Amino acid sequence: MPYQNIEFSIIQGAAVITLNRPDKLNSFNQAMHKEVRDVLKKIRIDTKVRCLLITANGRGFCAGQDLSERKFNPDAPPINLGESIEKNYNPLIRLISSLKVPVICAVNGVAAGAGANIALACDIVLASTQASFIQAFCKIGLVPDSGGTWTLPQAIGMPRAMALSLLGERISAEQAEQWGMIWKTYPPNELYDEALKMAIHLATQPTIGLALIKKAIQSSTQNSLDQQLDLERDLQTLAGQSEDYREGVAAFIEKRQPNFTGK
Ligand code: LHQ
């Protein structure tokens, strides 16, 4: 199906979503939200997809909400932003974070407002050395959304999360890497190739095991050590029943490369 605001392809088991409104720094309007949601729902049930890569065209990654949709109209009642969050941003973040397959984000340029927090909702965040991150919300009187008040303190701790959110200062991708907010940076001309290579690699790995790893790591934020130990036991029980576990052990013993099928 052709899309107007994104590009979508599947390359060797890796789905690739490319935000494609470069003249607006890929900010989200209603139509783009709908297209991304639509694709994410398809990916969720497509067993051929074993990894997702999210990136964008042009010099920016995503400047958050398209503010031209939010122009103040003195004759109309104020827009209820909570409704927009409920309809668009929360489902988007829930869809991304509940995908079983690994989600890589390749941040090719500036990521501002919800754009920054959409990136942080992904499992592995890579960025161009020319990229930057801005919690821009405070500059227009808003609160960080798209999960940023949850992901950011977890990633970089309270003091940095608070200062970034209150000041709206731009931080470079290299700073974000040093702080542990993202995984790695690459020169701009290498980012996409490296991200795709990683996505295709993950698409050849034990997909059930990776899904269970995601569940374990995500659950750790709510669990005590005791609960987490129980969860690890239960997840390992499931992982041990996968065909890929058998294949992994067999390949090790036979000193050959494993051929994981994702089952
Ligand atoms: C844009 C945008 C944009 C439209 C650049 N919209 N056109 C959730 C729920 C409900 C409501 C509200 O919000 C949210 C979540 C949010 O995301 S709130 C935060 C919204 N985002 C921002 O406040 C960031 C606004 N953008 C910027 O501060 C700058 O554009 C950054 C720092 C991202 C980049 O600066 P520059 O590199 O200097 O680029 P630029 O400002 O010149 O932008 C390039 C073009 O993109 C320009 O259009 P033009 O026609 O003049 O070339 C901008 O108007 C357009 N653009 N962001 N969010």
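A nonpolar core is a set of buried Ala, Val, Leu, Ile, Met, Phe, Trp, Tyr and Cys residues joined through side-chain atoms within 4.5 Å, where buried means under 20% relative accessible area, exposed over 50% and partly exposed in between, with a 1.4 Å probe and protein chains only. The model toured here is predicted, so that local features need pLDDT of at least 70 and side-chain atom pairs count only at pLDDT 80 or more, while totals for chains, interfaces and linings use all residues. Residues are numbered from 1 along each chain as its sequence is written, and side-chain values use heavy atoms, with hydrogens and water left out.

**The cores.** Select Leu19, Phe61, Val107 and Phe133, the residues with the most contacts inside the largest nonpolar core, which has 47 residues. A second, separate core has 17 residues, including Val16, Cys51, Ile104 and Met198. Returning to Leu19 and leaving aside neighbours within four places in sequence, one finds that Leu19 is in contact (heavy atoms within 4.5 Å) with residues including Asn26, Phe28, Met32, Val36 and Phe61.

**Two loop residues.** From that list, select Asn26, found in the loop between S2 and helix H1 (30-45); helices (H or I, at least four residues) and strands (E, at least two) are DSSP runs numbered from the N terminus. Asn26 counts as buried because its relative accessibility is 0%, and its phi is near 55°, a positive value in a residue other than glycine. Most residues other than glycine have a negative phi. Gln12, in the loop between strand S1 (6-11) and strand S2 (14-19), also has a positive phi, near 45°, but Gln12 is exposed, with a relative accessible area of 62%.

**The ligand.** Next, display the 24 residues that surround the ligand, of which the closest are Arg59, Ala63, Gln65, Leu67 and Ala114; a residue belongs here if one of its heavy atoms lies within 4 Å of the ligand. For polar contacts (pairs of N or O atoms within 3.5 Å; within protein, one must be able to donate a hydrogen and the other to accept it, and residues adjacent in sequence count only if both atoms are side-chain atoms), begin at Arg59, where an N or O atom of the side chain is 2.9 Å from an oxygen atom of the ligand. A backbone N or O atom of Gln65 lies 2.8 Å from a ligand nitrogen atom, and a backbone N or O atom of Ala114 lies 3.0 Å from a ligand oxygen atom. Taken alone the ligand exposes 1,000 Å², and the protein buries 67% of that, the areas coming from the Shrake-Rupley method with a 1.4 Å probe. Helix H2 (residues 81-98) gives the largest share of the shell, four residues.

**Ser128.** Move to strand S7 (residues 124-128), which holds Ser128, a residue that counts as buried at 1% relative accessibility. A polar atom of the Ser128 side chain lies 2.8 Å from the backbone nitrogen of Gln130. Tyr186 is 58 residues away along the chain, yet the C-alpha atoms of Ser128 and Tyr186 are separated by 5.0 Å.

**Lys214.** Finally, select Lys214 in helix H8 (residues 207-219). Is Lys214 buried or exposed? Lys214 counts as buried, because its relative accessibility is 10%. A polar atom of its side chain lies 2.7 Å from the backbone oxygen of Leu99, and the contacts of Lys214 beyond four places in sequence also include Ile96, Val103 and Asp123.
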